[in-house]
Structure formats: C-alpha cells, structure tokens
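Subject: Structure for you to look through

Dear colleague,

I am handing over the structure we talked about, and below it you will find my notes on what turned up. Please read them with the structure open beside you.

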Amino acid sequence: MNKAYVIGVDYGTDSVRTIIVDAGNGAEIAASTFEYPRWKKQLYCNAAINEFRQHPLDYIEGLEFTIKECLQKAGDNIRHNIRAISIDTTGSSPVAVDETGTPLALHEKFADDPDAMFVLWKDHSAAQEAAEINQHAKNFSINYLKYVGGVYSSEWYWSKLLHVLRVNKKVKDACYSWVEHADWMPFLLTGGKHISEMKRGVCTAGHKGLWAEEWDGFPPEEFFTSLDPLLTGYVSKLPSTTYTADKPAGNLSQEWADKLGLSTGVIIGIGAMDAHMGAVGGQIEPYYLSKVMGTSTCDMLVAPVEDMQGKFVQGICGLVNGSVIPAMIGMEAGQSAFGDVYAWFKNLLSWPLHLATDVLDENTIKSITDKIIPALSKQASMVPLHESNELSLDWFNGRRTPNANALLTSTITGLDLGSDAVKIFHSLAEATCFGAKAIVECFTHQNIPVKGLIGIGGVAKKSPFIMQMMADVMNMSIKINKSEQTCALGAAMFAATVAGVYSKVEDAMQAMGQGFDVEYYPDKNKVDIYQHRYKKYLGLGTYIESNIAKEAVNA
C-alpha cells in the first residue's frame, strides 16, 4: 500500500510556510517559505496609527509558490500520494468580501485600498469600536462577552468590521460579508462560488466572533443593529453551525488542482488560527500552557469539557469547545508584542546604518543588523540582577492578556547615564517574560491550574537567553518542541485526520509529534529577585494604565 502524505500550510505575520509530511510518522519531506512582497515593503500600513493591512495577493502567490516548490522537491511519487491539505493563519485577520466570497482588494477598483484588504491581527485601528462594544454589551441580560474573557478587543472580528464600515463608504457599499483569513483559504482552494457555501471554523468564530453554543450561534441581530445600524444584516449572513478543524471543507477544486499539479481527490480541511494548530503540532497536554512565541505570543491551554462546566476565565481571549482539540475546551491568551519588542529595539539601534547606503549595500546592512539581537542576548545574560535595574513594560502594541486594552503603551524606567543598549535590552526581555507570568497568574488566580510550559515558535527555538529567563521568572520549567515548523506540523496533523489516516487528532499528535529537544529549568538563585522585580513591573503597569485612563477621560 502506498504511503500517505499531507500538506500543512502556516500563514504567519511575515511569511507563509508550507511542509509536506509523512502522515505515518510526521517526518518532514519538503519545506518552503514565501515572504509577502507587499507586506515586506510595508505597503498599505501605517504603524503610527496601528494600521496593518495585507493584500490577498500576498497570500495567493505564497500558497501557489510554496506548495509547488514543496512538490517539486518531494518528487512525483509523493505528489501522487498527497491526501489532504490543512491551513492555519493569523487571527483575527478578516477581510471584506463580495457575494461570491472574493476579497474586495482582488477587484481592480479596490486593488490599492487598505480597507478592502485583510485587517491583520495586530491592527488596532478599531480601538474606539472595541470600547463601544464593551460598553454596549452591558445593556443586555445575556453576557455575550463571557466566552471571550469579558472584554472585546480591537484585534477582533466585529470591532474591525464596524471600523471599516465607518471610515470607508466605498468599501461599506461593496461589502457583502466579513470573512476571517482562516475561513477564506479553504473556501479559495475548494472553489467556492458563493459566500453561503463557506464553512466557518469554530476556532475563529468562537474566539473572535462571539459565536457560542449557548446561544446557538452568534448574538442576535438586535445586539449589532442597536450598537450601530451599519451592522444591519451581517449576522444574518453568518451560519449558526461552525466546524472543528478535523472536519473537511471540501475537495481541491479543478482550478487549483491544475495550478498545483494535484488531484481533485485531495481533501481540504477546515481552517484554524496558527497558535491553535501550533499547540497541536507542539503536542499540547491538558493544563500545560502552549506558548507560540513569535512577533507576538499566543498562549493555549486545553482542559477536559467536564472540568470546565460553569467555569469562565475573566481577561483571556476566549474559552471555546473544540477550538484546539475537538471535544476539549480551548482557552487562548497572549501578548500583543513579544518578538516585535526585540525587533523594535534592533531597528532603533540600526537606524544609522540606513543613512550610510552610499557606502553600505543592503546585504551588508542586513548582515550587521542580523547580529544585533544575538550579540545583545549574549551580553545581557551576564548583566548582574539588581532590584534597581532598568524596568520596562511589554505593551508596545497594547495589551492582549490579561484584559485586552489596545490603548496601553510601553515605558522604560530607571534610565541614567550608565544605561546602555545591553541593560535596556535586558529590561525589555524581562518585560516580555513578566507579561508571560501575568498570563499564567490570570489562569491560576481563577482556579485554572498551569502544570507546565511548552515553548514553540521562532523565539523559543532561537533564543536560549529568553527561554532561560522565562523559566527563572516563571519559576517553572519550559520544554521546547523539536519541530522547526510546529504550526505547519499541527496543520499537517489535522490534514491527516481529515484524510482519515487517524480517527482523531490526538492519535495524529501521538504518531506525528516530534517530541522535545531541550528543557529549561529555573535558576533558584534568580527566582526571588525576579519575583521582586515582577511586583515592580505590576506596580509600574498599574501606574501607567491609570494615567492613560485619566488622559482618555480628560481628552
């Protein structure tokens, strides 16, 4: 009997990564990465107002390029035995579509209109709309926010839709529905012709769209129309039924089969968000916090359904049955900026290099800048710990958890003439670890135990310095999954389940998981001082948050 192979596709913030995997043992056969060309130039973005948009062509071109390159590397024998494709994406990253389900930016009229493109997860331009949703929800006897931690975020589906409808009349008039990236990709590959054919995943609907089993779908039309009449009709176009990622969205369309050189017999799985599939690829266990650490963090926790009866967790990003592992409760938290904090500091330090383009070419500049974070990490690991060291907040892109607030900003305190790049970097690294600790306490203070930590993603693999600090700050060990492509591997595990190779995704995790290659344990000599500094971090955060709130009231 021929072996079965599957394709996992992982859409990250900066690139799409695709792998072909042996469905029997999870061995990676081929891999390909495609950096989004328009995003790389920061087209359609304005960081000063937290507006970050991505063109659908970046996604389409990346999908075709990476799958074709993987198939070319793998050879025809494997090509003919591809059984299924599953996809994860960032989220909430929705887009305005017409009645056929086509993103408006794919029409010539809207080709350069940022509001017709995918509104990336890190876009906070809808902060005002999120605040209105949170206030509006208090008017109803049913707490429609209880499954999303009690606070609706500017990073999510409805706030972004309302913002776009308000600021862009042309897009408002052309927008038929609002679609998450994770739902659109399977629809594209299966050749969907009308939005009514689109199968929406429980992952995005539950964590970002206010869908819940308790009210048999999304909140009623009245909830949205009484918030703003611009939202009239949108919820009525959404299906009450959603699907877990172990279910098929359909088969590969003839058009895409011809493009990729695959059979229409290839099954396409329901899409989900990257951290959720990444947690599966990283072999999550009940009550172990799976931390996908990249530009931001997404922290996933799963628990048996029976353990969570009547329990809600205030301040997190959702509690959804089946969003990670079907038939288990998936809980999401995270930090809006993690690797982005280090990238900001690197860009700050490297700014003078970009003034020297007359003597330094682009490759030389990149070669120098690529050494900055490793060099800082090496030096920062030797910085003596004192309670009076520089102290920072990690809120460079607002705060996601606990209690989402996009209006919060970072600060660096304790600076003097002895403060240098290494000491400031050390404080920034601490801040990201302190932010991670606040998430753990958000769970544990509400009687949800955290038994251990699982690290996956780029920072987890590439930065022993940050991971050791994480263990020290948390006073808890953190084990790092072997896979370099944990999110794509998780997608491949779902693809293998969709294809029927496994009856449930837990079996795919067991057979295809790559295990763990390193575990960091807390340094007992540093735990106490980090605990003292963590208390200072919390105090600084309270001070900054209260002052920002006062400024907002006085504005």
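Predicted model: local features only at pLDDT ≥ 70, side-chain atom pairs only at ≥ 80, totals over all residues.

Leaving aside residues up to four places away in sequence, lysine 208 touches several others, among them Tyr152, Trp156, Trp158, Glu180 and Glu332.

Two of those neighbours, Tyr152 and Trp158, lead on to the next topic. The largest nonpolar core has 104 residues, and Tyr152, Trp158, Phe443 and Ile478 are among those with the most contacts inside it. Helix α15, residues 421-444, gives the most to this core, with 13 residues. A second, separate core has 43 residues, including Ala30, Ile67, Leu71 and Leu188. In soluble globular proteins, nonpolar side chains tend to be buried together.

As for isoleucine 478, its contacts beyond four places in sequence include Met293, Leu453, Met467 and Tyr520.

Lastly, helix α18 runs over residues 486-498 and reaches 18 Å from its first C-alpha to its last, close to the 18 Å expected. This helix is mostly covered, with 13 of its 13 residues buried, and just after α18, glycine 500 takes a positive phi of about 85°.

With best wishes

Technical notes: Residues numbered from 1 in each chain as written. Heavy atoms only, no water. Contact = heavy atoms within 4.5 Å. Core = buried A, V, L, I, M, F, W, Y, C linked by side-chain atoms within 4.5 Å. Buried < 20%, exposed > 50% of the residue type's maximum accessible area, 1.4 Å probe, protein only. Helix = DSSP H or I, 4+ residues; strand = E, 2+ residues; numbered from the N terminus. Expected span 1.5 Å × (residues − 1).
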